[in-house]
Amino acid sequence: MAFVRLLSDKKQFRHAREVERKLMAFPDMNECHIISGDFDCRLKVVALDLKALSSLLSDTLMQVPDLATGRSMIRMEEIKPASSLPIG
């Protein structure tokens with residue numbers, strides 16, 4: 001599993017929803033969040049191995065038009081699994 005942060009080309013911001021639709025079509029993506037800060041979105045992706053992750057990043061994700069850059073982080077260990085939010 002890896003986390004990928006993506007930065008959109010600010011000159012092409014008018015295509016943001018189109019980029020989102022393209023990202024949602026990737027079966028290797030578990031989650032996608034629009035975020036604040038230095039990047040525009042954060043993905044949680046799964047790949048069989050590092051070679052498959054590399055292919056996903058370079059041959060698929062970074063081929064989406066209007067994405068300027070991407071940064072990946074490989075999950076080493078899960079300390080606390082996701083749980084339901086304590087709302088209400």
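Leaving aside its neighbours within four places in sequence, S8 is in contact (heavy atoms within 4.5 Å) with D40, D66, L67 and A68. This is a predicted model, in which local features need pLDDT of at least 70, side-chain atom pairs count only at pLDDT 80 or more, and totals for chains, interfaces and linings use all residues. Residues are numbered from 1 along each chain as its sequence is written, and side-chain values use heavy atoms, with hydrogens and water left out.

S8 belongs to strand β1; helices (H or I, at least four residues) and strands (E, at least two) are DSSP runs, numbered from the N terminus. S8 has a relative accessible area of 19% and is therefore buried, a term that means under 20% relative accessible area, with exposed meaning over 50% and partly exposed in between (1.4 Å probe, protein chains only). One of its contacts, D66, lies in the loop between α2 and β4. D66 is buried too, because its relative accessible area is 19%. The phi angle of D66 is near 80°, a positive value in a residue other than glycine.

The wider fold can be read from the chain order. Two helices and four strands make up the secondary structure of the chain, and along the sequence they follow the pattern β-α-β-β-α-β. The four strands form an open sheet in the order β2-β3-β1-β4, with antiparallel pairing; two strands pair if DSSP finds at least two bridges between them. At the edges are β2 (29-34) and β4 (67-74), each of which pairs on one side only. Neighbouring strands of the sheet are turned by 20° against each other on average, direction ignored. For such angles, axes are lines fitted to C-alpha atoms, for helices over the stretch in contact, and the values run from 0 to 180 degrees between N-to-C directions.

The pairings can be followed across the sheet. β2 and β3 (residues 41-45) run antiparallel and are joined by five bridges; H33 has R42 in β3 as its bridge partner. β3 is also joined to β1 by five bridges, again antiparallel, and here L6 stands opposite C41. On the β4 side, β1 pairs in the antiparallel sense over seven bridges, with L6 opposite G70. Five of the seven residues of β1 are buried, so this strand is largely enclosed by the rest of the structure.

Helix α1 (residues 16-24) packs on it, touching β1 (2-8), β2, β3 and β4, and its direction makes about 160° with that of β2. Helix α2 (residues 50-60) lies across β1, β3 and β4 and runs at about 165° to β4.

Some totals describe the chain as a whole. Its C-alpha atoms fill a box of roughly 40 × 40 × 25 Å, taken along the principal axes. Of the 88 residues in the chain, 25% are buried. Among contacts between residues at least 6 apart in sequence, 66% join residues at least 24 apart. The chain exposes about 6,500 Å², and carbon and sulfur atoms supply 55% of it; accessible areas come from the Shrake-Rupley method with a 1.4 Å probe, and for residues only the protein chains shown count as cover. There are 13 positive and 12 negative side chains, and the centres of the two sets lie 3 Å apart. Lys and Arg count as positive and Asp and Glu as negative, while His and the chain ends are not counted; the place of a charge is taken as NZ of Lys, CZ of Arg, CG of Asp or CD of Glu.
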